[in-house]
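Please examine the model shown below before reading on.

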Amino acid sequence: MATQLDQLKQYTTVVADTGDFRQMEEFSPQDATTNPSLILAAAGKPEYRPIIESVVAEFKAKAVDKGDIGALMDRVIVAFGLEILKRVPGRVSSEVDARLSFDTEATVQKAREIMALYEAAGIPRERVLIKIASTWEGIRAAEILEREGIHCNLTLLFSLVQAVACAEAGVRLISPFVGRILDWYKKATGEEYTAETDPGVLSVRSIYNYYKKFGYPVQIMGASFRNKGEVLALAGCDLLTISPGLLAELAASEEPVAPALSVKAAKAADIRRIPADEKSFRFLFNEDAMATEKTAEGIRRFSADIRKLEALLSGMM
């Protein structure tokens, strides 16, 4: 009997949610996704220290402005991305500085700089996704970048209106955060949820059904899972990015896995379109307390880890 991980791969593209290269080799995902927190965690491991030291040494030797920690940070992010691409056949997602989440122009410029580093290393654009927070300004930046052939992964996404705005902007991929939605509802209600009543699972299902109903080509990648049940309840989603711990649980079980989502069912569903112009977006997003709180919290957390990584790099300089 095939493992649950192998069965899941029949219905869904599996992505590794980690900066640990060895774990990618163990579970053979198609793609990999990173964020500042994952890179910071990997940077603290002795086996990855030489990667950072090599980037810092090269930066010291070549950079005109050696105090430009932002430029050094970009090179570290890309260095990890290049190592990841040696181990996965598909794409890597690399994140723009979360502190730019409300600045469209700066996000576009930073994305171009990151992509230029990948291209200088011989990596084609199709193998890189630029991760951007799903703020109104971030979505507008992604719209510009997509027109330039720089494909984007819109992250910190917690609501249908964010997803609809991303689809209208023509982004390549979105990453709705399943587990963080569950966290908010458990804290707010004090209730426990099954995989079938999990608010995070239901949110991704609603986005999936909306996209398939109206024929949007945007790829949906469920992210931030808290348990194996959430993963299996989204079997059939375009992609799922899964932590090494949950990948190991799936690889250790041979219980049957069946698709929980289908295009046919979505097409038949009674779903109304919602507006995603700026005024509608800001109002509907503001009406969703969970989405507004979790998006803001995510930006703060990623920003804090970026500052920690910058401090580490500054010390090495």
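Predicted model: local features only at pLDDT ≥ 70, side-chain atom pairs only at ≥ 80, totals over all residues.

Residues are numbered from 1 along each chain as its sequence is written, and side-chain values use heavy atoms, with hydrogens and water left out.

Rolling a probe the size of a water molecule over the atoms shows where empty space is left. On a 1 Å grid over the protein atoms alone, a pocket is an open set of points with protein on both sides within 12 Å along at least five of seven lines, and a cavity is a set of points where a 1.4 Å probe fits but cannot get out; lining residues have an atom within 4 Å of a point. Grid points are joined across faces, edges and corners, and a volume is the space filled by probe spheres set on the points.

The largest pocket has a volume of about 490 Å³. Its lining comprises 20 residues, with Val 55, Glu 58, Arg 75, Val 78 and Leu 117 nearest the centre. At least two lining residues come from each of helix 4 (49-62), helix 5 (69-85) and helix 6 (104-120); helices (H or I, at least four residues) and strands (E, at least two) are DSSP runs, numbered from the N terminus. By class, 12 of these lining residues are nonpolar, one is polar and seven are charged (nonpolar: Ala, Val, Leu, Ile, Met, Phe, Trp, Tyr, Cys and Pro; charged: Asp, Glu, Lys and Arg; polar: the others, Gly among them).

The second largest pocket holds about 310 Å³ of space. Of its 20 lining residues, Asp 17, Asn 35, Phe 177, Arg 180 and Ser 224 are the closest to the centre.

Helix 15 has 28 residues and spans 41 Å from first to last C-alpha, close to the 40 Å expected (1.5 Å times one less than the number of residues). At its start, a side-chain oxygen of Asp 288 comes to within 3.2 Å of the backbone nitrogen of Met 290.

The largest cavity has a volume of about 50 Å³, and strand 4 (residues 128-133) gives the most to its lining, with three residues. About 30 Å³ lies in the second largest cavity, where strand 2 (residues 31-33) provides the largest share of the lining, also three residues.

The count of salt bridges (a side-chain nitrogen of Lys or Arg within 4 Å of a carboxyl oxygen of Asp or Glu) comes to 24. In one of them, Arg 112 and Glu 148 have their closest N and O atoms 2.5 Å apart. This pair links distant parts of the chain, 36 residues apart, with Arg 112 in helix 6 and Glu 148 in the loop between helix 7 (136-147) and strand 5. Lys 212 and Asp 238 also meet in a salt bridge (3.1 Å, N to O). Lys 212 lies in helix 10 (residues 199-214) and Asp 238 in the loop between helix 11 (228-232) and strand 8 (239-242), so the pair ties together parts 26 residues apart in sequence. Finally, Glu 25, Glu 83, Lys 86 and Arg 87 are linked in a network of salt bridges.

Note on methods:
Polar contact = N/O pair within 3.5 Å; in protein donor to acceptor, adjacent residues only side chain to side chain.
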